[in-house]
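Trainee: I would like to learn how to read a structural model feature by feature. Could you take me through one slowly?

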Amino acid sequence: MAQRIIFTDSSRLMVEAAVQAGADVFIGYPITPANLLYYYSSQRFPVFMAAPDEITTLQLMSGYAATGKVPVTATSFPGYALMIESINMAYMMELPMVIILVQRLGPATGTATMGAQGDLNVVTGTISGGMAIPVISVSDPADAWELTAKAVEVAVKLRTPVVLLTSKEEVMTQFGLDPDELAPIQKVERKVYESDEPFFPYKAGENKVPLFLGVDTSRHQVRFTASTHDTRGIIQNSGAEALGNSIRLHEKITENLDSYTCYSYDMQEGAKALIVSYGITAQAAREAVAQLRNDGESVALLIPQTLYPIPNLYFDIMSRYPRVVIAEENLTGQYRHLLFGVNAPAGVTGVNAFGKMITPAQIKSEVLDHGKSIS
Amino acid sequence: MERVYLKEEGLPFCKGCGHTTISENTDKALQKLGIPLLDVILVTDIGCHGIIDKSFKMHTVHGLHGRSVALATGISAGLSNPDKKVIVFIGDGGVTIGIQHLINAAHRNFNMTVVIHNNMLYGMTGGQPSEFTPQGFKTPTLPDGAGEKASDICAIISAAGASYVSRVIGIGDLSDHLAEAFAKPGFSLVEVMEICPSYGVKSNPGMKLSKVVQEAGLEIRVYADRNIPGPELLSESKFKSLFTGKIDIPVTHVSSLKSTVRIQVAGSAGEGVQSAAEYFAAAAIASGLNATKKGSYPVTVGIGFSASDVIISPDPILYTGSPVPDYLIITSDDGLAYAKGALAAMKEGTVYIDSSLPVPETKASVVTYAFREFAGSRNAALVGFLYLLKEAALYPYEALESRVAGRIGKTIG
């Protein structure tokens, strides 16, 4: 077949991938730089609804999810901040959904048309109690396609909100692409409770995930509950069963991490330095690696795509290198701090930027000049 | 009457609380209408009324404070089935924090019935006043009484376009009132006036509920009875893949470009800068190259500068930031101001600038041309790209010209 090229952007890929994977409802509130996702969704999703604000967005998504739908939204930090209480509700109710967070420069309304990677702390800290929520990060157009489908799959299989992290430069920059070369996406198969035995909405099933039944059923009573509840979904203060149920919500995310650990690891024989980067900066890192190797330097590259929970594998890989350079477009090195705390071990340094993209040259220079700018 | 929707056990509310009256009458009203148990979905809010879930046998959904109506809207839309009965229990506190959700759901007339348990204060947290505490009504935190008039939620929701709205006193048999609202299509609302036996009665000894309501100017009546069916939302998707349609770019030309080239174009909003850059990038793809394009402009897209960065390369393009361009096209004053940084950073390469503008200081070579005059200011950026192709031969001129022929109408020479 002849090559068929379209000139497009990752917003289009993400929306098409989400629908092909089985997402069927998009609820949106306009916000720059997520508006292309909103637009494409209005042209593609079986159900599209404009919400009057981001709290309502998450509530509508939760309502749809309670009837068996798989909703998606796209927002940026200001909208995400409004959604947090409702994301906690959906997490507690075990409702599948994908929230695409297109990062832009903050704080507050910041600069709406400038990219950033500054929301990792708020995203990984979304759930009260320190509980884990899956955070998947897109690093190039292929990721926009494959990882969006993965996010839908994780949301459905683990019955949880999933955050798909991207940024302005990723979803608004156009590029040429042959859509026929994209890997086919399988629609996620959804298991529901089929037995005639009494239904316990929060009884752990396989992988600690309860089988789903929506409020559209006429076979069993279904309860969805945001407050601490037992396996029947009845509010309890702090009984062992109810607390155990809340803890299970965290465990199903962490104990099933292997099923959604996505990363790219580009090794090189003899390399002493490892560059770690994600999101928009991963592209600069790829280019820096190509240039360094071209100059005869040995260097390896790790691109975490599943950012959170943090797979142990990342620590295994990083421990093989005396020098680790973590590049991300925020002021303080949010992922570096998540990985190592504020006091990173000797040999681990960051390349950071605020209000501008990190260049391949900055990453190269940190690899070559390692140690001069430990922060 | 025997209970059908409620369990036989006692209800969890204080003695004398109107919440008990509402729950028992909800059971009775549903029985009168004969709605099958599992066709009813009860969505509750936060507040004393919200602990009722465990006493009901239909589907129950218990969410956040003030958000129950928005959550129920999603459920109603997701079911998209007028035979299912979505009922929301919410207090006056929940309405205070979430009034937009009621207005929105009423405005769009989603199938549901909202039952407001209005006891005129926050009962669960110690009796603080809400937007619905009548003037002069005392609460533990307002011993001298509320200073403002209570909001009239029935008037507000009626104005929003609800199908049915009524206010009743929460004493005695309410089942006919509730049944009437439950039976209406679209969005219906019943505000049930109550007095909190723990905080309202103690703070206002001897006060009669009906007198409080009357003195507050809140009428006991039907506010709206419009009988409007709710929206139908679910249908088979009419949409096809986002990869179909007229977006394919056939490769029709060949470029001999050997390395990556970065081009920045800087002009004014409304002068076709973004579309010109898109045409230029698409024509590069039609010449077998890789291309990326991104735009920069103020949030008010119709005024001020408009700039774009295009990268073309025979190799895959990874980093799409905009360091120093190899070629810079400037077509207007706005563009010249925007391009200041690039002009200073360019140590080599070429700047193409409209001949009406002052020649800028830069280490790059500067070429002037009448981009604005050639085919009008709306085509200035496009003419700039065509001129660049004539001068720099990055890929065949015809690849771009054939895409935009109708817009310029003459060849740049």
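Mentor: We will go from the contact between the chains to domains, charged pairs, aromatic rings and single residues. Please keep in mind throughout that this is a predicted model.

Trainee: Let us begin with the interface, then: how many residues of chain B are in contact with chain A?

Mentor: On the chain B side there are 59 residues in contact, and they meet 68 residues of chain A. Between them the two chains bury about 5,200 Å², and 62% of that area is on carbon and sulfur atoms. Within the share that chain B buries against chain A, B:Leu242, B:Phe243 and B:Tyr319 supply 16%, which is more than any other three residues.

Trainee: Which salt bridges run between chain B and chain A?

Mentor: The general idea comes first: side chains of opposite charge can pair when their charged atoms come close. Here the count between chain B and chain A is two salt bridges. In a salt bridge between the chains, the side chain of B:Lys294 meets that of A:Glu169, with 2.6 Å from N to O. There is also a network in which salt bridges with shared partners join A:Arg4, A:Asp180 and B:Asp248.

Trainee: How is chain B divided into domains?

Mentor: Domain 1 of chain B covers residues 18–225, and domain 2 covers residues 261–408. The C-alpha centres of these two domains of chain B lie 61 Å apart.

Trainee: How many salt bridges does the structure hold over all chains, and where should I look for examples?

Mentor: The total over all chains is 26 salt bridges. One of them joins the side chains of A:Glu255 and A:Lys208, at 3.2 Å from N to O. Because A:Glu255 belongs to helix 8 (residues 240–255) of chain A while A:Lys208 sits in the loop between strand 9 and strand 10 of chain A, this pair ties together parts that are 47 residues apart in sequence. A:Lys208 has a relative accessible area of 28%, so this residue is partly exposed.

Trainee: And is A:Asp230, which forms a salt bridge with A:Arg232, buried or exposed?

Mentor: A:Asp230 has a relative accessible area of 5% and is therefore buried, whereas A:Arg232, at 40% relative accessibility, counts as partly exposed. Their side chains meet at 2.8 Å from N to O. In chain B, a salt bridge joins B:Arg167 and B:Glu191, whose closest N and O atoms are 2.6 Å apart. That pair links distant parts of the chain, with B:Arg167 in strand 5 (residues 164–169) of chain B and B:Glu191 in strand 6 (residues 187–193) of chain B, 24 residues apart. Both B:Arg167 and B:Glu191 are buried.

Trainee: What should I note when two aromatic rings pair?

Mentor: A pair of aromatic rings is described by the distance of the centres and the angle of the planes. The structure holds 21 aromatic pairs over all chains. Among them, A:Tyr38 and A:Phe48 form an edge-to-face pair, with 5.1 Å centre to centre and 90° between the planes. Since A:Tyr38 is in helix 2 (residues 35–42) of chain A and A:Phe48 is in strand 3 (residues 47–50) of chain A, the pair ties together parts that are 10 residues apart in sequence. A:Tyr38 counts as partly exposed at 21% relative accessibility, and A:Phe48 is partly exposed with a relative accessible area of 28%.

A tilted pair is formed by A:Phe212 and A:Phe224, at 6.1 Å centre to centre and with 40° between the planes. Both A:Phe212 and A:Phe224 are buried.

Trainee: Which residues of chain B do ring pairs link into a cluster?

Mentor: The cluster consists of B:Tyr327, B:Tyr352, B:Tyr369, B:Phe371, B:Phe374 and B:Tyr387. Over the face of B:Phe374 lies B:Lys410, at 4.5 Å from the ring centre. Elsewhere, B:Arg221 lies over the face of B:Tyr223, at 3.9 Å from the ring centre.

Definitions and conventions: Residues numbered from 1 in each chain as written. Chains lettered and ligands numbered in written order. Predicted model: local features only at pLDDT ≥ 70, side-chain atom pairs only at ≥ 80, totals over all residues. Heavy atoms only, no water. Domains from an automatic or database assignment. Phe/Tyr/Trp six-rings, centres within 6.5 Å; stacked < 30°, edge-to-face > 60°. Helix = DSSP H or I, 4+ residues; strand = E, 2+ residues; numbered from the N terminus. Buried < 20%, exposed > 50% of the residue type's maximum accessible area, 1.4 Å probe, protein only. Lys NZ or Arg CZ within 6 Å of the ring centre and 35° of its normal. Salt bridge = Lys/Arg side-chain N within 4 Å of Asp/Glu carboxyl O. Contact = heavy atoms within 4.5 Å. Buried area = accessible area lost by both parts, 1.4 Å probe.
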